[in-house]
Amino acid sequence: MKTLVRRRLSPTQLFLLCSLPLFLAATVFAQDATQQPKIVQPGAPGQDTRELTADEAIDIADTGYTADDVAFMRGMIPHHQQALEMAELVGERTNRPEIVEIAGRIEASQADEIAFMQGWLEARGEKPADPMAHHGHHGHDMPKMDGMATPEQMAELANSKATDFDRLFLELMIRHHEGAITMVDDLLEQPGSAYDPVLYDFTSDVKNDQNAEIERMHAVLRSLSDDPRASLAAGFRNAGTAISNLELVSEQPKPVGFYDPANPAGLPLSRLKEVLAEERGEPISEIELEDKDMEDEERSPLLSFANTDMAFAGNTLITGNYHGYNIYKLANEGVPSLLSSIVCPGGQGDVSIVGDLLLMSAQETRGRLDCGLQGISEDVSDERFRGLRIFDISDLSRPRQVGAVQTCRGSHTHSVVSGPGDDGKIIVYNSGTSSIRPEEELAGCIDVPGDSRNALFRIDVIEIPVDDPSKARIVDSPAVFADEKTGELAGLWRGGDHGDGTQETQVTDECHDITVFPSAKLAAGACSGNGIIFDISDPLKPKRLDVVQDKGFAYWHSATFNNDGTKVIFTDEWGGGGRPRCRAWDPLDWGADAIYDIVDGELIYRSHYKMPAPQSEQENCVAHNGSIIPVPGRDIFVQSWYQGGISVVDFTDSANPEEIAYFDRGPIDSEEMILGGYWSSYWYNGRIYATEISRGLDVFALLPSEHLTENEIAAAALADQGGVFNPQQQFPVAWPAEPVVARAYIDQLKRNDMLSAEMEQELTAALNQSEAALESGKDIRGVAKALKRLARDVRKLDGDAAATNRAEALAATLTGIAENLAG
């Protein structure tokens, strides 16, 4: 059916036509078609030209609506219909007022919109859509209907009641609404779509209404959780907190010079005025910001003060920051005391300590070689710095920059691989994830697809002479993702999703983190689109051993080995770290940890883990940086989740990870999503240290619980970490042969039901006697003999592999205590 809307004349045609005398205008329309020039349409190269009628020519040029518009309407109608079917289930399955109210709004709005969409199609002579099409297979012209519940999910919903129904209804409906928003976004990306103003207004209404409804449903869904982290009050300095099996030992704000005093929380200016108005009880119109420059424009990137990573050496803690770094001294209880603040903008700010040298990553284009505050505006400048900075920190109060290695893509993270060795050199892997700088600025930075010299698909191997760090240089940039047979640089994941319902995963053209385990001659690379383990027997030439993919990972971000190098935890930074990705309906295998066992040089997937507490839309939340907590006999990990707080996770059983402790604060602001939360959380010398992006630095202690005994915590505090901790560098820790370590193993064997009451009593008595003997110097030989006999008995205990390993470790510890007594 042809309509006048689709035959409309352009404004110019209307103007000319109306300007003609009436008889001439009539003549124009009365002319015989045979008197008009032919209308032709050329074919493809080599094909004939064909003649067109006027109607056919107009059809080709018509922009009233497109096939994509029609397909969108036909797909959205059954999409809405399923929402109605879900809403109709509410009445007989729950009496929760909020759910009933949501269902009522859906029934009212979706039915009206279905009628509108059917009318839109009929007015244009298009085939009406079947509202029940989602029960069968939709046609080829119907778009994929994102967010639709499967028949199995609908059946599960129909068979549930009360709180179970409420939770599932909200989860399915939120995904359903998000699917509608995705369908709108997909439509608007098509050329010429939504040209019809009526349709465009409709798509805008759908998107706005669905977003508002999602926010309301999410609030209700969070209220159904009994986890105290689900509904914490917002606030920059006074946010609500939830804590389990941890003690907050110390919380310190950012040092002066590392936050904007006029806007310490980093609020958008419009929101800052609202907050000030609320605090002062004044109208927003009367609020003037103290810094007049803020009235006209946002702060420049030079005032980015995000806390980032940490490094430890002895009793020194250094926290990185986009603005530079801060140096702390650690007291006996592990409480930090600020010693000095070093301003050196350049972004990222990840740090490592090697002797008297501090290495610091810088990646942003504003960074200057001289650590200047003025930034750089030129496209090409010999004053710009993007790469690895090297500081002499022998005087912690006045560090000096003594080396700087420029790289093509900057330095997002780096890994200290080895050294200084006998040759006095340190080897570092550098990972740049930013754009390639112009070759005019740094020679060799090639950004040409297909060119074998391309700076993508590589890492940098940097050599630093300790005696003269100014001579530090890149010694190689191996193409670690190349196809081993063809040599093509892009040899791994090419980007894209993995099929319906899977994550959109970034192309593998960089490593975000490479964690090295030199004693095992292994490295684990979290490399954007893949997880990789490398053989680093020759640190200068890393070789791939195995590569894995994950359908739920968007961006492979970081990697951590367990203490003996037989497992690795990879994290997924879905949303880039700046978006809420721990909402109640977000998949638990997206933005999560993936746990792999390493078996004969291969990565074997075991499980995913994600913090279980739903977070708000105002909290950026996704897996980020963490470390092993060295409890002997167990694999325990402390994990940062940005504004999702920190989790302590037991992954001793790789297939069944379990959260055993946590801490969380509410969002920075109740209205706006402000970037914040924990960047890193690391165990060092008996404490957990956590850098909070916007608030400061926190210190935690583990508390005994049903998950972790006092002996296990005390043994972890005795672990020998070698007096240093650098991100992305791991060494196996060792435990001294002391009674508390033995007691930790005994607690674990009791948990495994491997100890009889009689043996437990004998072990306890012998350990008590050993402590008394060490103090008094009496009966040493008798106690040592008893310990050795018990060690032999313990080795005979029978259990699964993990329990048997603990029994062997207990036996070794008992023997070690006996030798200490005898020695």
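## Overall architecture

The chain of this predicted model comprises 823 residues, of which 53% count as buried. Its secondary structure consists of 15 helices and 32 strands, and its C-alpha atoms, taken along the principal axes, fill a box of roughly 130 × 70 × 70 Å.

Among the contacts in the chain with a separation of 6 or more, 63% are accounted for by residues 24 or more positions apart.

## The pairing of helix 5 and helix 8

Helix 5, formed by residues 97-123, and helix 8, formed by residues 197-223, have axes that come within 12 Å and cross at roughly 165 degrees. Angles over 145 degrees count as roughly antiparallel, and the two helices are therefore roughly antiparallel to each other. The crossing by which helix 5 passes helix 8 is left-handed.

On the side of helix 5, the contact is made by E98, I99, I102, R105, Q110, E113, F116, M117 and W120, while helix 8 contributes V198, L199, F202, V206, D209, Q210, E213, R216, M217 and V220. Sorted by class, the residues of this contact are 11 nonpolar, 2 polar and 6 charged.

R271 is found in helix 9, which spans residues 269-280. Its relative accessibility is 5%, and because buried means under 20%, R271 counts as buried.

Two polar contacts involve the side chain of R271: one of 3.0 Å joins it to the side chain of E274, and another, of 2.9 Å, joins it to the side chain of D669.

## G375 in the loop between strands 10 and 11

G375 has its place in the loop that lies between strand 10 (357-362) and strand 11 (387-392). Although it belongs to a loop, G375 has a relative accessibility of 9% and therefore counts as buried.

The C-alpha atom of G375 is separated by 8.6 Å from that of G346, a residue 29 residues apart from G375 along the chain.

Definitions and conventions: Residues are numbered from 1 along each chain as its sequence is written. This is a predicted model: local features need pLDDT of at least 70, side-chain atom pairs count only at pLDDT 80 or more; totals for chains, interfaces and linings use all residues. Side-chain values use heavy atoms; hydrogens and water are left out. Helices (H or I, at least four residues) and strands (E, at least two) are DSSP runs, numbered from the N terminus. Buried means under 20% relative accessible area, exposed over 50%, partly exposed in between (1.4 Å probe, protein chains only). A polar contact is a pair of N or O atoms within 3.5 Å; within protein, one must be able to donate a hydrogen and the other to accept it, and residues adjacent in sequence count only if both atoms are side-chain atoms. Axes are lines fitted to C-alpha atoms, for helices over the stretch in contact, and angles run from 0 to 180 degrees between N-to-C directions. Angles under 35 degrees count as roughly parallel, over 145 as roughly antiparallel, 65 to 115 as roughly perpendicular and the rest as oblique. A crossing is left-handed if the near helix is turned anticlockwise from the far one by less than a right angle, and right-handed if clockwise. Contact means heavy atoms within 4.5 Å. Ala, Val, Leu, Ile, Met, Phe, Trp, Tyr, Cys and Pro count as nonpolar, Asp, Glu, Lys and Arg as charged, and the others, Gly among them, as polar.
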